[in-house]
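I opened this notebook to record what I looked up in the structure, one topic at a time.

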Amino acid sequence: MLRSTWKGEAVAPYLEELIHRVQAHPLIQTFPKTEVQDTSGIIGNFATTLAAGEEKDISVIEHGITIFATGGKEHEPEEYLYGKHPGVLTHLDLDKAILTGDDRVEGAKTAVFIQCVGSRIPERPYCSRTCCSHSLESAMALKEMNPEMNIFILYRDLRSYGFREDLYRKARENGVIFMRYNLEQLPQVELDDSQGLSLTVMDHVLRRPVRISPDLLILASAIIPNENKKLFELFKIPTNDEGFLIEAHMKLRPVEFASEGLFMAGLAHYPKPLDESIAQAKAAVARGMTIISKEGILVGGVVATVDPKKCAVCLTCVRTCPYNAPDISEEGHAVIEPAECRGCGACVAECPGKAISLQHFTDEQIIAKEDALFEVG
Ligand code: SF4
Ligand code: SF4
Ligand code: SF4
């Protein structure tokens, strides 16, 4: 758990209070250590099978919407002697060490932060967004503990955006030294003769290598999504190459999936600070309330229907539909759930057996309209 937000607000008390409120709420039921085994249904009417605990006790819950807040975690670095030297920590390690008054932190005279560890590299090209601010905040926390501590932040780009700029300014005023490195000349970390850390980085201003002997080396490690492939496949929700969830539209539907009734919030979507996660969670709940506050849901009349006699079960419609509406029924033909169909017509055009028609836009209706047009013309 993070020690504090970039504004210095303690995270643990907030989280403890939130957990208590959730557990004490009469209308909230929690299912810890539970695995989702199956799900079915449509917007406003889902049924999901859960297997709880080691006994795998099965229960089925009915729900109108689903919000995916499956979270993310800190990537465990393999570089810079992490796990091989006690002085090499990640951000979460450092937070824990500060909170517990660890000797490694209290006795440190020199600390070096290395930014973008595991982020913005070919395997993980995204920015983890929180680590620059957290390094600045942690550097200031270390300075408060020991104003004489030498602190270096080795960065590629310092993304202290918005009001976080003040944190950067404050760090500079308090003597934190910033040094830029690039991907071609990564900092080198090795053990010296006394088994201490020795770090060499090419300073782009001095244009010569600088050697530092830090007591603490803090790695601003990437944020990665929690592994939930099976869950996402069950709900047929998409992820990008890095495993983060993909929203229906970045600007128009930022907390929803293309399939109706499914929403997302938090780190599972992309790396973001706590305040953004909370804002996104509130947005997802607000959007979800527009569904579950209704007595019933009306679906549009422009929906695709399958003629079972013509269906060859080729799965073309299943693969084509951007909203995952078609499925293959137990009777052995494609079926399209009207509540999920948006009437885009893509499956109608793709079906090789001409088994699908779009209500209000059948071939007969289109041809009749064309005939009428030319007759009038
Ligand atoms: S927030 Fe900073 S340290 Fe983290 S990935 Fe982005 S640029 Fe790198
Ligand atoms: S594309 Fe047509 S033939 Fe193929 S599964 Fe779908 S409805 Fe059946
Ligand atoms: S009409 Fe569009 S939304 Fe409806 S089932 Fe076909 S492809 Fe999916």
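Which residues are around ligand 1? I found Gln115, Cys116, Ser119, Arg120, Cys127, Ser128, Arg129, Cys131, Cys132, Asp157, Arg159 and Ala220 there, where a residue is near a molecule if its C-beta atom, placed from the backbone, lies within 6 Å of it. I noted that this is a predicted model, in which local features need pLDDT of at least 70, side-chain atom pairs count only at pLDDT 80 or more, and totals for chains, interfaces and linings use all residues. Residues are numbered from 1 along each chain as its sequence is written, while chains are lettered from A and ligands numbered from 1 in the order in which they are written.

**Ligand shells.** I sorted the shell around ligand 1 by class and got 5 nonpolar, 3 polar and 4 charged residues; Ala, Val, Leu, Ile, Met, Phe, Trp, Tyr, Cys and Pro count as nonpolar, Asp, Glu, Lys and Arg as charged, and the others, Gly among them, as polar. At least two residues of this shell come from β7 (110-117), and at least two from α4 (131-145); such helices (H or I, at least four residues) and strands (E, at least two) are DSSP runs, numbered from the N terminus. Around ligand 3 there are 15 residues, of which Cys321, Ala325, Cys341, Cys344 and Cys347 come nearest, and by class that shell has 11 nonpolar, 3 polar and 1 charged residues.

**Helix α5.** I then turned to α5 (residues 165-173), whose buried residues are Leu167, Tyr168 and Ala171; a residue is buried if 20 or more other C-beta atoms lie within 10 Å of its own, exposed if 12 or fewer, and partly exposed in between, with C-beta atoms placed from the backbone. Seen down the helix axis, the buried residues of α5 fall within an arc of 100° (taken from the directions from the axis to the C-beta atoms), so they line one face of the helix. In general, an α-helix has 3.6 residues a turn, so residues three or four places apart point the same way. Glu165, Arg169 and Glu173 are exposed on the other side of α5, and after the helix comes Gly175, with a positive phi near 90°.

**Whole chain.** I counted 10 helices and 19 strands in the chain, and its C-alpha trace spans about 90 × 55 × 35 Å along the principal axes. Buried residues make up 28% of the 377 residues. An automatic or database domain assignment gives domain 1 (31-71 + 226-292), domain 2 (73-223) and domain 3 (304-376).
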